[in-house]
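Biologist: Please walk me through this model, beginning with the backbone and ending with the charges.

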Amino acid sequence: MKIHRRKDRNNAYYVRVKDELNKWHDFFGGYTEQEACEVGRKYQNDIDMIKRGLTTREDLNAVDSSRRPIAEILVEYKADMVTNRRSEKYIKEASRCVQAVIDGIKAKCLADIQPGPVGKWLAGVIKAKKSARTHNGYLRAIRALMNWAAVRGLVRPDVLRFLKQQSEHTDRREESRALTFEEFDQLIESTPDKMRQLYYLFSGRCGLRWSEVFRLEWEDINLNDGRINLRPEATKSQRGDVLDIPPDLLGRLRVMGKGKGSVFSSKPILRTFKADLQRAGISYEVDGKQADRKCLRKTFCTHLVMRGVPINEAMKMMRHKDPALTLNIYTELGLLNTKASAAKLSSSRKSSGLSIVDAG
């Protein structure tokens with residue numbers, strides 16, 4: 001190792017070190033001899049570790065890259081998401097979650113994002129009584145950043161692999177409930193505002209999410225065919241879909257006449273929805289389940305099953321890819337008439353000419 005001063009570089013000190021391949025390299029060492037000695041010792045120590053087989057040049061480069069300011073990394077990460085044609089909504093939400101984790105653990109660079117601090121911060125999310133879904137959203141976002149960095153050699157792969165997601169199926173602190181046939185009809189009849197009635201009908205009769213109803217435009221609605229053509233950018237899955245409009249809703253829309261632009265200028269807030277429920281004499285919470293804004297989509301799915309619609313058709317109308325999601329999450333099993341279903345078994349025996357004894 002050699003340390004020399006260069007007058008052509010503002011009298012800065014430079015360190016000359018011979019690497020593991022016996023090639024000389026010059027590194028900036030600072031403006032004092034002490035700083036240059038520290039830089040030289042670091043590089044010499046790295047080379048000694050490589051020669052002893054304790055590390056590799058690739059790993060050392062990854063460590064050096066992981067010390068770059070986190071702000072620079074995030075700019076590159078967002079730019080790459082844009083290049084890969086991620087939606088504006090996705091980029092905004094991913095950036096928000098990543099920034100929350102970074103601020104929470106006070107990370108200054110990628111090297112600060114370690115399982116210990118991240119796991120402790122995520123435990124605080126659960127302790128603050130946030131949902132498992134919120135916890136998992138933060139974890140997926142920060143993992144996506146670290147996986148992206150690993151592909152580019154900025155960090156070692158799978159840094160956060162031991163952090164586990166929370167079970168969203170067992171987290172029932174904020175479970176929605178479905179309205180009965182009578183409750184839904186009463187909600188529509190007692191809601192004083194016609195546009196809010198229409199809002200609830202789109203969700204309870206078509207299974208649209210609250211935000212998807214708000215994004216509806218008149219151009220999406222075909223009154224002649226009785227269908228809704230959902231635009232990809234207007235759906236949660238970013239996928240275009242075609243939905244059939246039930247007769248009662250279609251009749252209302254035809255009476256209104258087709259307009260232009262957005263169907264709704266605003267969406268009801270939860271306080272307004274609760275007031276409409278109270279006006280209709282509907283309890284907000286029953287057996288720990290809430291009639292929140294998501295309940296109308298669950299009502300739609302439950303009513304389909306109660307009307308005898310096969311689960312595969314209900315899954316298609318809900319725009320789900322997993323039938324378990326349709327059956328276990330969006331179907332209120334407690335509302336199903338199992339007594340009538342059991343009675344069908346007895347009637348089928350009689351119609352076939354078999355007695356219970358014969359069948360045994």
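**Loops, sheet and charges**

Modeller: I will begin with lysine 129, which counts as exposed because its relative accessibility is 67% (buried is under 20% relative accessible area, exposed over 50% and partly exposed in between, with a 1.4 Å probe and protein chains only). The model is predicted, with local features needing pLDDT of at least 70 and side-chain atom pairs counting only at pLDDT 80 or more, while totals for chains, interfaces and linings use all residues. Residues are numbered from 1 along each chain as its sequence is written, and side-chain values use heavy atoms, leaving out hydrogens and water.

Biologist: Where does lysine 129 lie, then?

Modeller: Lysine 129 is in the loop between α5 (115-127) and α6, where helices (H or I, at least four residues) and strands (E, at least two) are DSSP runs numbered from the N terminus. Its phi is positive, about 65°, although lysine 129 is not a glycine. Most residues other than glycine have a negative phi.

Biologist: And what about the phi of aspartate 158?

Modeller: Aspartate 158 also has a positive phi, of about 55°, and is not a glycine. This aspartate sits in the loop between α6 and α7 (181-190), and it counts as partly exposed because its relative accessibility is 43%.

Biologist: Changing topic, in what order do the strands of the open sheet run?

Modeller: The order is β4-β5-β6, three strands with antiparallel pairing, and two strands pair if DSSP finds at least two bridges between them. β4 (221-222) and β6 stand at the edges with a single partner strand each, so one side of each is left without a neighbour in the sheet.

Biologist: How many bridges join β5 to β6?

Modeller: Four bridges join strand β5 (residues 227-230) to β6, and the two run antiparallel. Within that pairing, isoleucine 228 stands opposite leucine 243 of β6.

Biologist: Which residues of β6 are on the covered face, and which on the uncovered one?

Modeller: In strand β6 (residues 241-244), Asp241 and Leu243 make up the covered face, whereas Val242 and Asp244 are on the uncovered face. In a regular strand the side chains alternate between the two faces of the sheet.

Biologist: Now the charges: how many salt bridges does the count come to?

Modeller: Taking a salt bridge as a side-chain nitrogen of Lys or Arg within 4 Å of a carboxyl oxygen of Asp or Glu, the count comes to 17. One of them joins the side chains of arginine 177 and glutamate 183 at 3.3 Å, N to O, and arginine 177 counts as buried because its relative accessibility is 6%.

Biologist: Which side chains does arginine 205 meet in salt bridges?

Modeller: Arginine 205 meets aspartate 248 at 2.8 Å, N to O. Because arginine 205 lies in helix α8 and aspartate 248 in helix α10 (residues 247-256), that pair ties together parts that are 43 residues apart in sequence. Arginine 205 also meets aspartate 185, at 3.7 Å, N to O. Aspartate 185 belongs to helix α7 and arginine 205 to helix α8 (residues 194-206), so this pair ties together parts 20 residues apart in sequence. Arginine 205 is partly exposed, at 23% relative accessibility, as are aspartate 185 at 36% and aspartate 248 at 37%.

Biologist: Which residues are linked in a network of salt bridges?

Modeller: Glu175, Lys289, Lys298 and Glu332 are linked in such a network.

Biologist: What about arginine 293, how far apart are it and serine 176?

Modeller: Their C-alpha atoms are 8.3 Å apart in space, although arginine 293 and serine 176 are 117 residues apart in sequence. Arginine 293 is in the loop between β8 (289-290) and α12 (295-306), and it is partly exposed, with a relative accessible area of 35%.

Biologist: Last topic, which residues gather in the patch of positive charge?

Modeller: Lys89, Arg133, Lys236 and Lys294 gather there on the surface. Patches are made of residues with over 30% relative accessible area and no salt bridge, joining like charges within 9 Å and nonpolar side chains (Val, Leu, Ile, Met, Phe, Trp, Tyr) within 5 Å. Lys and Arg count as positive, Asp and Glu as negative, with His and the chain ends not counted, and a charge is placed at NZ of Lys, CZ of Arg, CG of Asp or CD of Glu. Arginine 133 lies in helix α6 (residues 132-151) and counts as partly exposed because its relative accessibility is 44%.

Notes: Accessible areas come from the Shrake-Rupley method with a 1.4 Å probe; for residues, only the protein chains shown count as cover.
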